[in-house]
Each structure stands twice: as structure tokens, then as C-alpha cells.
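Subject: Handover of a structure and its findings

Dear colleague,

Please find below the structure that I am handing over to you.

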Amino acid sequence: MNKKIIYTFDSRNYMLWDFLKEYEKINPLEMNEILDKSYNEMILQLDRNGIKYSDLKNLLIPQKHKKEICLVFDSSKIKHSMYGLEVFKIYFPTIEKIEKTCVFAGDLIANKIHQEKVKIILNESINKVNESNYMHSTQYYLIYLNNLSNSDFNNIINAVSKFKEFFGYIDTTFASPIKNLISTCIFQQYFKYKKNIVMSKIMDEDGLNNIGYPFEDYDFSCKYINETEYNSFLCYKIFRPYYSFDEDDQLFSINTITSKISKLKDFDILIEDKKFKYLQQIKLNNESKLGLDKIQKQDLIRLIKHYYNPNYIYNIEFNNHGVYKFNLILDLELKKNDFKRFILAFKYNFEEEVIELITMF
């Protein structure tokens, strides 16, 4: 197999792969071949639309120094039944100059029995701009954006704050209970790449702007990718804690580069002595606030095991040296609501059930 890197893979929100596994009884070897074919088709479709997959890296994976935001709109204050379109007219002018961002949308959905709890979590998390009378969670329409600079983040808030429909915003850069809930409610409508709006389409059909928003009025061109390739390889996965029903998503992600798959939570973490010494001297010596400057190797392994999320892997790679690799996020809390993000790169060793730490930065 030739060198391959996959920035992200999502079966968490796209159920085709589970269906093939469970009902068509596709084994990991066959699945690897199907996934490889789908990956190559995705690259081809991007090329046809004048887009290089390599240009989408920062868009599709979490960035160490970029922010994420959820804009919360009160649809009860919007008279038009197509409130999504009205919200689009409010927020889209604020992101026109942002080169790359994924745009998610959806109502804040929760069961009737959970409404009071959702109300509390929302009020605790949101930075309120305008007053809103909570009647039901679904009155709140959410717009979620990733890959934002600090100035992007602040400019968006300043621009939409003048609209009475805008309830407020949530900084969703790091984990929180409200972010966990949001990740289960919304879906990626499209991603913005330069002057292109890229969305999914039904296979083999001509592209159709199924969202129905007037992107052309803002001098943007709509590009279309088959839904399987788009939903699997071109959707940003909002980070959330480990849920057991996400385990298959992890296995499918590994299956994109190898047929030898197993759940990472069952693997040991290996840090070679030479590597640990390097990390101590170069990477961790300035992390006294987190107590990492004097940490011992076994303590670092325990820390990684405690905090890392084995279901959220990205930068999944098979390189020219025959090595399988992937990255994980490690978010450590300095104090309440103050986090520091580390990116961990691991080598995947199926035979020995070990993931070996390559670097941490």
C-alpha cells in the first residue's frame, strides 16, 4: 500500500459503515478495500472541483491555537418559518473573509424529561447578549464554526450581537457538558474554502444546493461531493468524551489504513526511555503549572490514559516506512475553564497491542 494520510474519518454521524458491517457482514479486510476506494474517490472529486485535499488539513482536524464557537439564536423571535435562512443572513456576512471553516447547524434537541437540566446547562455556559425566555430547547437554533483565529472569534460576536434574535455565544474550543450535548444535535451543512461552498450530493446526480441558501448572492460558488465521501472524509468531528457507542467509529478510522484493527482502550501505552528524556528536556520543562516539568514516565503514561480520548483519532497515516500512525488530543485543565491543549502522535502496533508515543507538543 502506498503512503496515505487521512485527516479525519466520521462514521459517528454517518451510519452507512455500521450498516455494511452489521447487515452485509463485511469483514475488516473487505472494509479496508471499500474504504480505500472511497478515499480515492474523495480525492478525485476534490480535484475535479479544483480543491487539494492537503489544503483542507487545518479545516478538518482540531488546531492547537484555533477556536470554536457556537452561536445561539432564539427562533421564537424570528417570524419567518424558514428561520434557518434568516439566521444565515445574519451570520454569513461575518464569515465571508474567513478562508476555511466548517459550518454546522441544528436545533438544540433534548427529551422532555431533560428540559430543566438543559436549561440549567445552557444558562451556565452561554455568554448572553440578549434576553430570551426559555420555553423548550428546540427554540434555540445553533450555528457552530471551527478553525477560527481570536480576531475571527471576536469579529463574529461583535457583528451578530446587534440582532435581537441572537441570544448569545458559547466558546466551544474545549470540552464542556453543553458541547457534548451540541455534538449530538447538529450536523455539518457545508464547509467554506476560499470562495467555495462545499456540500454533499446524492451519488451520480448533478449538484443541487439542497440547503437552499443564496451563496451566489455573496459571490461564492457551490461545489458538490458525493454524500458517502463527503460525510465520511470531509466532515469535522466535534470533540466529545468517550461514549461506548462511539467505539465503532474508532475502529473504522483505523480500518481506513489497515485491516488489523482493535479497540485502543485495550492497548498499552509505550514511551521509550530516550523519548521520555527528550520530552522532559524539550517539551515538558516549561509546564510547571501542570506539574509536567518533574513528572516521571509512568505518571505521564497514567496521565495520558486518564485524559486522552481513544475514540477521537485523526491524522491517520500509513507512511513510506510501513508505519501506522495517528494523533490524539490531550486537553489538560490549568484551573477551572482554563485548558491547555497538547497534540500526541502515536505509532500503532496491532500485533503487540501497543501504541507508542512518538511526540507530544
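The model is a predicted one, in which local features need pLDDT of at least 70 and side-chain atom pairs count only at pLDDT 80 or more, while totals for chains, interfaces and linings use all residues. Residues are numbered from 1 along each chain as its sequence is written, and side-chain values use heavy atoms, with hydrogens and water left out.

Helices (H or I, at least four residues) and strands (E, at least two) are DSSP runs, numbered from the N terminus. Strands of a sheet pair through backbone hydrogen bonds, in either a parallel or an antiparallel manner; here two strands are taken to pair if DSSP finds at least two bridges between them.

Val 72 stands opposite Gly 168 in E6.

Strand E8 (residues 196-201) is mostly covered, with six of its six residues buried. Buried means under 20% relative accessible area, exposed over 50%, and partly exposed in between (1.4 Å probe, protein chains only). Strand E7 (residues 187-193) runs antiparallel to E8, and three bridges join the two; Tyr 193 stands opposite Asn 196 in E8. E7 and E8 form a hairpin with two residues between them. Lys 194, in the turn, has a positive phi of about 55° although it is not a glycine, and it counts as partly exposed at 41% relative accessibility. E8 also pairs with E9, in the parallel sense and over six bridges, and Ser 200 has Ile 225 in E9 as its bridge partner.

The six-stranded sheet

A second open sheet, of six strands, has the order E1-E11-E12-E13-E14-E10 with mixed pairing. E1 and strand E10 (268-270) are its edge strands, each pairing on one side only. Neighbouring strands of this sheet are turned by 30° against each other on average, direction ignored. E13 and strand E14 (residues 354-360) are antiparallel over six bridges, with Leu 344 opposite Met 360 in E14. Helix H11 (residues 297-307) lies across E10, strand E12 (324-335), E13 and E14, and runs at about 90° to E12.

Helix H9

Eight of the nine residues of helix H9 (residues 247-255) are buried, so this helix is largely enclosed by the rest of the structure. The buried residues of H9 pack against helix H1 (16-22), helix H2 (28-48), strand E11 (314-318) and strand E13 (338-349). One of the buried residues is Gln 250, with 1% relative accessibility. Leaving aside neighbours within four places in sequence, Gln 250 is in contact (heavy atoms within 4.5 Å) with Ser 262, Lys 263, Leu 264, Pro 310, Asn 311 and Ile 313.

The largest pocket

The largest pocket holds about 420 Å³ of space. On a 1 Å grid over the protein atoms alone, a pocket is an open set of points where a 1.4 Å probe fits, with protein on both sides within 12 Å along at least five of seven lines; lining residues have an atom within 4 Å of a point. Grid points are joined across faces, edges and corners, and the volume is the space filled by probe spheres set on the points. Of the 16 lining residues, the closest to the centre are Asp 171, Ala 175, Ser 176, Asn 337 and Phe 339. H5 gives the most to the lining, with three residues.

Two exposed loop residues

Met 15 lies in the loop between strand E1 (4-6) and H1 and counts as exposed at 52% relative accessibility. Lys 25, in the loop between H1 and H2, is exposed with a relative accessible area of 61%. Lys 25 has a positive phi of about 55°, although it is not a glycine.

With kind regards

Notes:
Axes fitted to C-alpha atoms, helices over the stretch in contact; angles between N-to-C directions.
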